[in-house]
Amino acid sequence: MKISDLKGFSKSKIISVSHDSLHKFAVNQRIYLKYDRHSLTIFDSKGNFSEITIADVGDFEYVKNILMKGMTYIASILNLDAQKKELHIFLKQYDQLRAMDFNVAFQDTFFSNERENITKQKEILDEYRKQFLITDKEKKNAVIAVHQHENSDDLRQFYFVGKDSYFPVKVQTLENGDEIFVAEKRRRIKIEDYHIFLLEGHIDFVLDSEAALLDRQAKMFFEEIKNDAKAYINIWHEYGNLEFNKMIDDVVQTGFLQFSNCEYVGRHKYKLTFEKDQNFKGFVQKVTKNDKKFSVSLFSPREVFAEDDTANNFERVYNEYSKKAKLIHCDLTGPIDPKSNAIYITTDKDMSNYSSDGYIFKSIAGYMSMNKRRKEAYNRIFQAQNGIKNLAALIDGKASPTRVHHRDYIQPVSELVTQKAFPKNPPTDKQREAIEIALNTPDIALIQGPPGTGKTTVIVGILERLNEIAEGEERREAKNLVTAFQHDAVQNVAERIQILDVPTIKYGSKSSESVNDKRLLKINVENWINEKVKQLYEVYPNYKENKKIKIFDRIYQNYLLSANTVDATLRLLKELLEEIPLSYELETRVDILIRQIDRSQQVTLNPSEERLIRMINMLPDHEVKFEDDGATTVNMVIILLERERDTFFEPYIQFLRTFLTQEKKSYKQMKEAKNHLLFNLKPTENIFNTPKQHKDILELFQDISEYITTSLLDELNEEERILLDYIEEYELNPIVVQNTILDYMSVIGATNQQSVSNSIKGEIFSSDREVQIEYDNVLIDEAARSNPLDLFIPMSRANQRIILVGDHRQLPHIVDEKLIDVIDADKSNEDEESLDSIKEKLKISLFETLFKKLKEQEEKDGIKRTVTLDRQYRTHPLLGDFVSRNFYEVHHEAKIESGLNAELFQHRLPGLENKAAAWLDVPANLGSEVSNQSKSRSIEAREIVAHLKERILCEEAKGLNFGIITFYADQVKEIQKELVKAGMARLVGKSYELLPEYAEEFYNGRSIEKLRVGTVDAFQGMEFDFVYLSMVRSNQLPSKTEKQRQRKYGFLMMENRLCVSMSRQKKLLIVAGDRSMLEDSNAYLAIPQLINFYKDCVKDETYGTTIQ
């Protein structure tokens, strides 16, 4: 059907336009229009485009209004006049666009005279397609009529509208419960009783036998994949089983020990003592530096560690044991001394029953939880328990029945999204397309974001738009999940997202962080409240000038920080009576509470610990606090910490001493140190016997606050009173604020594994075991880095959309090569091609696999699911072009353009003014690499640090930061040693710490990280003004074969790592290394990217240079 055939039912207009490129278009061709800054462009699905002019002002405003408001329209070329260079556009406007992908089945009853003639039936279907469907390159359109009494949001019955007739369609339920659309005979309708919609998507007409076939295929499909051992998801399932068995075997081989004494030594720390006749030394030798988590129990775990138990039996036996053993999970406090016959552990659990014998072994709880979540995800995908039923098919790239969707087309960008996600520059065409694909995908969308292309901004735009279109729906918490492989990646995105001005709460913490989800939630909410209060103080700065409010504020804050102890609560309540004049009624309430607490006191605290906590609370984390006798407080805390004689406090003592000598005080670091100390020192005993008394104290503080502010209210205008109410609500009712945030929070953050944690289930969903954790939309950042087994966990919980964001040209997921060898050996009867295919599926990320599979799916169903962002804003154009050529275009991917001019990256770093690429040559005759378990080159570290020190604190580097990246852990240590020698860092215990002036800089009212040193893994997703890349490798090894080149160049041959390390800089990248490694006769086969970078440094005299 031609678009111009749609003459009735809705508003249409014929518009005369002129342009110079008539040869690009044809009569009756469908076209699209775009308005951009007073100009109009038409384009088609083949990529042809031309700017046009509309002479009639009324027509111009009509078209402009449609495009600016994102209204629904369909347009085609009605006729052409080559002599006048004019064409006429037929434009038809609709109130709503519905995006749907479905088939309409024509049953035998529809063909009254042709029931047995399949050929004739197909001819009739072809005729119906011509009359009722508008076909474009990728999509089909149709016009439907829905009766005004029908629910247009859930289409169950409607009419297809053609040139001269209509035919009805209704939903029919199949035996298996699935629903299909079925066509009925044409009939007359009273069109004024109907709403008219435009459909867009993959729409087709099929015979009933074909519809039945689709249903049978749906039943058979999952069984086909599940029984295919070579299917992607099954290969990874096998890998997961092997990985779990390896973890369990490690725990069993390490064994367990029986301790004879358990002694509490303070601050949640316990000392376990062992008899000398036990194999203590052998146990310790099997404990690696990565083994931090252990379990203790009063019950012997001998049955769990029986040598004849298989891995499968182990899981069952352990579960039975853990039910009766009442395990306590704990952390090692540090390395174990094999000669000491003692192990120190920390736990917030009560171990008073462990004064005598008990048992300790490596904790298995984390492995068990990980394995359980992976298995549940595998089963959910195959049982199609989430809203995306064809997920297994998409993952494996197999043809599957088309899903039926009843979702309206969503415009990608609104005014609100532009304001919140793109406040400085409008979205690029590809960013807009990425948001459009993500919002309108029927299942999965994949967004490839090369370095600096604004993928995080796109994520924010997607979530903002999802929330915007959800307004008015019945509210349900946490509709959207933002997840990633690592905590830092989740946190980076979560910090930028505030839907409805409510923060995104991240659940879960690193294994190195001693903080549970409830504590983490409290910290996140407190940080958000502090920021809000700070903003309110800026509006009304005189609020805290009132002496009563200042005193009360200090007492209340101290109460919140030390309310877990009875003595501290008593002291604060008594101070309240002494310092603040109260009404008789309030004095009486305070006095009664004091006497009640005295009677209910259960715990007596160590006075020295209580004093230490009190003094730490008083540490100055702001300039005003420091001026108010802050130096005395810092000195007192140093003395008290030294009295503890605990190595744990050494770095804090050193920091406090440095703090006193700093010209520019590091208040941010002071606040972090203060919070960390309080968290580790704060007792966890209950305050009272009943929770009601705790509530009474909070209510009392609120009443006192109201009493204090009453005297101020007469002097305030209405606006100031409202501000005071806001400040009080934020500061005095943090629990209420927290609960409100949870009520209105539409986005939560968690790692892949922790997206189904018990904390999320209890806080956000329900503690009911029958209730499943499910999200409307799952957005996965850094998806190429995630192990597919962990990716399946959040993917299996998505009901509407899965949006994968990442870049397979950057850091990949990690696989255990030894486990691949085991799979290889198990499948030795397979042919070589099959074995290579299995290895490839294990080594290539799920992101890259889907990138290819979804492009194939796009060819099958015409639904766009993938996009690559193609404009970078991070780095200098010279470096942007280098990254594009060497890491993307070389793989036949689109060129990444630079969105900013070189002038915007100008700098005055001494000796390198306005340079973007520099080679710092460290010749081999100065010293070669050193090989241990890792690699290092001390001379290269020395040269980098010397070059850096001359510049990092200079006037020209103010407000700018530096990064030093290397591929080797041993080189990080070498660089840290050189930083100490250069007076830029210090050794604290066994770790290195940058001096404050090199760690942090306050510039223009904000704090920036001045310098970071680390391996490339620590830098993905980050950016710095100036970056040093330490090449390390410098040797005379041969390079004729691929294996020899691997030995000679090592990690430098890993393209993904090079891509990340060479794209972190904004203004300047300095590569330090031995140039002779680039001049080897076979170097270009191994490290072409580094060779090309050196050429850029030499050839580009404007922005490149070499440093001898």
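This tour goes through a charged surface patch and then a series of salt bridges. The model is predicted, so local features need pLDDT of at least 70 and side-chain atom pairs count only at pLDDT 80 or more, while totals for chains, interfaces and linings use all residues. Residues are numbered from 1 along each chain as its sequence is written, and side-chain values use heavy atoms, with hydrogens and water left out.

Select D831, E832, E833, D836 and E840, which form a negative surface patch (residues with over 30% relative accessible area and no salt bridge, like charges being joined within 9 Å). Within this group, D831 sits in the loop between α27 (817–826) and α28 (832–843), and D831 counts as partly exposed because its relative accessibility is 42% (buried means under 20%, exposed over 50%, partly exposed in between, with a 1.4 Å probe and protein chains only).

Turn next to the salt bridges (a side-chain nitrogen of Lys or Arg within 4 Å of a carboxyl oxygen of Asp or Glu), of which the count comes to 52. Select R865 and D861, whose side chains meet in such a bridge at 3.0 Å, N to O; R865 is buried at 2% relative accessibility, and D861 is buried at 9%.

Move on to R951 and E950, bridged at 3.2 Å, N to O, where R951 counts as buried at 10%, whereas E950 is exposed at 59%. Finally, select D881, R885, E889, K895 and D1096, which salt bridges with shared partners join into one network. Inside that selection, the side chains of R885 and D881 meet at 2.9 Å, N to O.

Note on methods. Patch = residues over 30% accessible without salt bridge, like charges linked within 9 Å, V, L, I, M, F, W, Y side chains within 5 Å. Areas by Shrake-Rupley, 256 points an atom, 1.4 Å probe, with all protein chains shown as cover. Lys, Arg positive; Asp, Glu negative; His and termini not counted. Charge placed at Lys NZ, Arg CZ, Asp CG, Glu CD. Helix = DSSP H or I, 4+ residues; strand = E, 2+ residues; numbered from the N terminus.
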